[in-house]
Amino acid sequence: MRLKPTLSTMFVALACFTASAQAPKCHTDEAHQQLLNSNPALMQQLQSNEISVREWIQNNRNGQQRGASTLVTIPVVFHVVYKNNTQNIADSNLVRQIDILNECYRLQNTNFSQTRAIFDTIAADVEVEFCLASVDPSGNPTNGITRTQAPTSAFFDPLLGFDNVKRSANGGKDPWPADQYLNIWICDMSLFGLTAVLGYAQFPGGDPLTDGVVIQYQFTGFMPNNTTNNKGKTTVHEVGHWLGLRHIWGDGQGSSTPCDSSDYVDDTPNADTASQQTCVIKNSCTNESAYWNSIGVDPPDMIENYMDYSYDDCMTMFTEGQKDRMLGFLNTVRTSIITSPGCGNTSTLELAEYPLTLYPNPTHDKIQITSTNLNPKQIEISDLSGKLWMQTDEINTLDVTSLPQGVYFIKALMQNGSFRTMRFIKN
Ligand SMILES: [Ca+2]
Ligand SMILES: [Ca+2]
Ligand SMILES: [Zn+2]
């Protein structure tokens, strides 16, 4: 389902682009609005997800339960979609980005020491880690990085090319199953030669075919050439959105009561707008949440928070409340990622999380597909060169008598929009 940009969404994007001399850090809210416009039923689903998350937090992260959690490791696949060598960034930078994610989510970042004392005690070790995927969706070994040369005709900018990077048919790269991997696309979203946006993410609960994070290539990993957003924190911020976090100021800027908009987190102080990427200490709101009222303090804006728009050097922390919210989404809407085999070893893959089985394999006439939970709704068979031989809604038993001998891939599109790919031999 390709989104055609309407005139109004183009104006929104254009306004966003021209309103600030600097590129906006993040396009997540605009991307979210486009998803809602194209799928009005999504709002209801997201509201019901919010209720599940709140219930989970209530039952699991209250009082004494709010201690150490079980470490979760999230398999990541980077899809580098490039038009020239500069954009085709090195493996070492992507490995460094994983390290930065782990340092920030485990509160091991060296700049934590600059956090103001008032926020010291609520800074959280989120107990979430990230690994470069070692097993691909077909069950084969991988380095967790795909590289795709985009045609010069492809557009990835926020005006015309929104989400094109997530579709092979539009010059980008299709996601790996979003219920098993965190997909991070790296590309050039610049517009008229200017950086249009640093990155954007999709909140939990949206379309699995666009689920993930997109980062402008110069802001991935550690990039010595740019001085303000060069420490890999853009990805830390966007992955925060992917785990359900909102901007710390609640996106109420421009309303008549911007201090009343919330990020649904109690211990992050209210703020009237983003810090606009500077690191200036301010206190924009005097009305505060129950957490701060209970200790009788009006805190300053938390410019140290990864979900603000501060420069990378200013950012040092997530809060305990943000941790609760991320764990809430991980244990409800994103629960399948917790048991993903994406960083496991290939031999356990089929038994553990890829319940699709093919029998017999090799075969010479019929092949039977069985699945223990998520049923496929469509099957495609292609050969090693990518040539499509068969596409069918008949999903239980396939007659492959007409195929020449050789190795084939079965790609099963599942009911939830993800897909599984498996290999079989026709003899
Ligand atoms: Ca808050
Ligand atoms: Ca305040
Ligand atoms: Zn953001």
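How many bridges pair strand 8 with strand 11, and in which sense? Three bridges join strand 8 and strand 11 (residues 397-399), in the antiparallel sense. Two strands pair if DSSP finds at least two bridges between them.

This is a predicted model, in which local features need pLDDT of at least 70, side-chain atom pairs count only at pLDDT 80 or more, and totals for chains, interfaces and linings use all residues. Residues are numbered from 1 along each chain as its sequence is written, while chains are lettered from A and ligands numbered from 1 in the order in which they are written.

**Overview and confidence**

The chain has 10 helices and 13 strands. Helices (H or I, at least four residues) and strands (E, at least two) are DSSP runs, numbered from the N terminus. Of the 427 residues, 40% are buried. Buried means 20 or more other C-beta atoms within 10 Å of the residue's own; exposed means 12 or fewer; partly exposed lies in between; C-beta atoms are placed from the backbone. Among contacts between residues at least 6 apart in sequence, 68% join residues at least 24 apart. A contact requires C-beta atoms, placed from the backbone, within 7 Å.

Mean pLDDT is 86, and 87% of residues reach 70 or more. The pLDDT is the predictor's confidence in each residue, from 0 to 100. Residues 1-21 fall below 50, with 21 contacts in the model beyond near neighbours in sequence. Residues 347-354 stay under 50 as well, with 15 contacts beyond four places in sequence. Where pLDDT is low, the predicted coordinates should not be read in detail.

**The sheet 7-8-11**

Three strands form an open, antiparallel sheet in the order 7-8-11. Strand 7 and strand 11 are the edges, each with a single partner strand, so one side of each lacks a neighbour in the sheet. The twist averages 25° from one strand to the next. Angles run from 0 to 180 degrees between N-to-C directions, and axes are lines fitted to C-alpha atoms, for helices over the stretch in contact.

| Strand pair | Bridges | Residues opposite |
|---|---|---|
| Strand 7 and strand 8 | three | Y359 and Q368 |

Strand 7 and strand 8 form a hairpin with six residues between them. In a regular strand the side chains alternate between the two faces of the sheet. Strand 8 (residues 366-370) has I367 and I369 on its covered face, with K366, Q368 and T370 on the uncovered one.

**Helices**

Helix 4 (residues 91-105) packs on helix 6 (residues 233-242) at about 60°, axes 9 Å apart. Q97, I100, L101 and C104 of helix 4 meet T235, V236 and V239 of helix 6. These contact residues comprise five nonpolar, two polar and no charged. Ala, Val, Leu, Ile, Met, Phe, Trp, Tyr, Cys and Pro count as nonpolar, Asp, Glu, Lys and Arg as charged, and the others, Gly among them, as polar.

Why is helix 8 (residues 320-330) largely enclosed by the rest of the structure? Because 11 of its 11 residues are buried. Among them are E320, K323, D324 and R325. The cover includes helix 3 (41-60), strand 1 (72-82), strand 2 (128-132) and helix 9 (335-338).

L36 lies in helix 2 (residues 28-38). L36 counts as partly exposed because it has 14 C-beta neighbours inside 10 Å. Beyond four places in sequence, L36 contacts L42 and M43. L36 and G206 are 170 residues apart in sequence, yet 9.2 Å apart in space, C-alpha to C-alpha.

Note on methods
Two residues are in contact if their C-beta atoms, placed from the backbone, lie within 7 Å.
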